[in-house]
Amino acid sequence: METLQAIAARHSTRAFRGGEIPEEVLMKILDAGRRAPTARNEQPWEFVLVTDREKLRRIGGMTDHGGFIAECSACILVYCRDTKYYLEDGCAATENMLLAATDRGVESCWVAGDKKPYCAAISGYLGVPAGYRLVSLVALGYERESARPKVRRPLEKMVHRNGW
Ligand SMILES: Cc1cc2nc3c(=O)[nH]c(=O)nc-3n(C[C@H](O)[C@H](O)[C@H](O)COP(=O)(O)O)c2cc1C
């Protein structure tokens, strides 16, 4: 898929129907994360790939707005070493993964990590060592119901040329 097509086609899916994502597709999605820009080339990323149904249920149940993780096919938890730009680096990797998923016909939803009170419980459950921040949880799978595309504010209302 062409890059701009993937950007336009990506949308959040929260109704998954199950089905296994092929291993090579998961690896392509993870690899896209690793190719994101990263401040000072720190590459602080660690990706926890969860496909175990019971673990997906438990993780989904720990979040406040990510209960649908219980029904997705895989969830990538994007962790970063606690560097100065961990959040930016983690977000860049997350978006790359969402676009790679779209490219491969896999639906996705970004679920909040950083700043959420459930981060500690999820990290404890997964045995994550101290010093790593959970930036996001990327739910992946195949759509049960088509999501309605979100309306975006018009471009001309957000672009300011040569000053505000
Ligand atoms: C930082 C961040 C946190 C988000 N957290 C959640 C979340 O916890 N649960 C959820 O269902 N969607 C979450 N989303 C997805 C947004 O709700 C979604 O991107 C937005 O409504 C626009 O819809 P679209 O992705 O279909 O374009 C999050 C997105 C971002 C960027």
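F47 lies in strand β1, where strands (E, at least two residues) and helices (H or I, at least four) are DSSP runs numbered from the N terminus. The model is predicted: local features need pLDDT of at least 70, side-chain atom pairs count only at pLDDT 80 or more, and totals for chains, interfaces and linings use all residues. Residues are numbered from 1 along each chain as its sequence is written.

**F47 and its surroundings**

- F47 is partly exposed, because 16 other C-beta atoms lie within 10 Å; a residue is buried with 20 or more such atoms within 10 Å of its own C-beta, exposed with 12 or fewer, and partly exposed in between, with C-beta atoms placed from the backbone.
- Leaving aside neighbours within four places in sequence, F47 is in contact with L30, G33, I76 and V78; contact requires C-beta atoms, placed from the backbone, within 7 Å of each other.
- F47 and L30 are 17 residues apart in sequence, and their C-alpha atoms are 7.6 Å apart in space.

**The sheet**

- Strands of a sheet pair through backbone hydrogen bonds, either parallel or antiparallel.
- Four strands form an open sheet in the order β1-β2-β4-β3, with antiparallel pairing; two strands pair if DSSP finds at least two bridges between them.
- β1 and β3 stand at the edges with a single partner strand each, so one side of each has no neighbour in the sheet.
- Neighbouring strands of this sheet are turned by 20 degrees against each other on average, direction ignored; axes are lines fitted to C-alpha atoms, for helices over the stretch in contact, and angles run from 0 to 180 degrees between N-to-C directions.
- Strand β1 (residues 45-50) is joined to β2 by six bridges, and the partner of V50 in β2 is C75.
- Eight bridges join β2 to β4; the β4 partner of L77 is L137, and that of C75 is A139.
- β3 and β4 pair over six bridges, and V111 stands opposite L137 in β4.
- Helix α2 lies across β1, β2 and β4, and runs at about 160 degrees to β1.

**Burial and the nonpolar core**

- Seven of the eight residues of β2 are buried, so β2 is largely enclosed by the rest of the structure.
- β4 is mostly covered, with nine of its 10 residues buried.
- The largest nonpolar core has 35 residues, of which I69, C72, C75, V138, A139 and L140 touch the most other members; such a core is a set of buried Ala, Val, Leu, Ile, Met, Phe, Trp, Tyr and Cys residues joined through C-beta atoms within 7 Å.
- Elements that each supply at least two residues of this core include α2 (23-34), α4 (86-103), β2 (74-81) and β4 (132-141).

**An exposed loop residue**

- G105 lies in the loop between α4 and β3, and G105 is exposed because 12 other C-beta atoms lie within 10 Å.
- G105 and V159 are 54 residues apart in sequence and 31 Å apart in space, C-alpha to C-alpha.

**The ligand shell**

- The ligand is surrounded by H11, S12, R14, H65, G66, C109, W110, V111, A112 and K150; a residue counts as near a molecule or strand if its C-beta atom, placed from the backbone, lies within 6 Å of it.
- By class, this shell has four nonpolar, four polar and two charged residues; Ala, Val, Leu, Ile, Met, Phe, Trp, Tyr, Cys and Pro count as nonpolar, Asp, Glu, Lys and Arg as charged, and the others, Gly among them, as polar.

Note on methods. Two residues are in contact if their C-beta atoms, placed from the backbone, lie within 7 Å.
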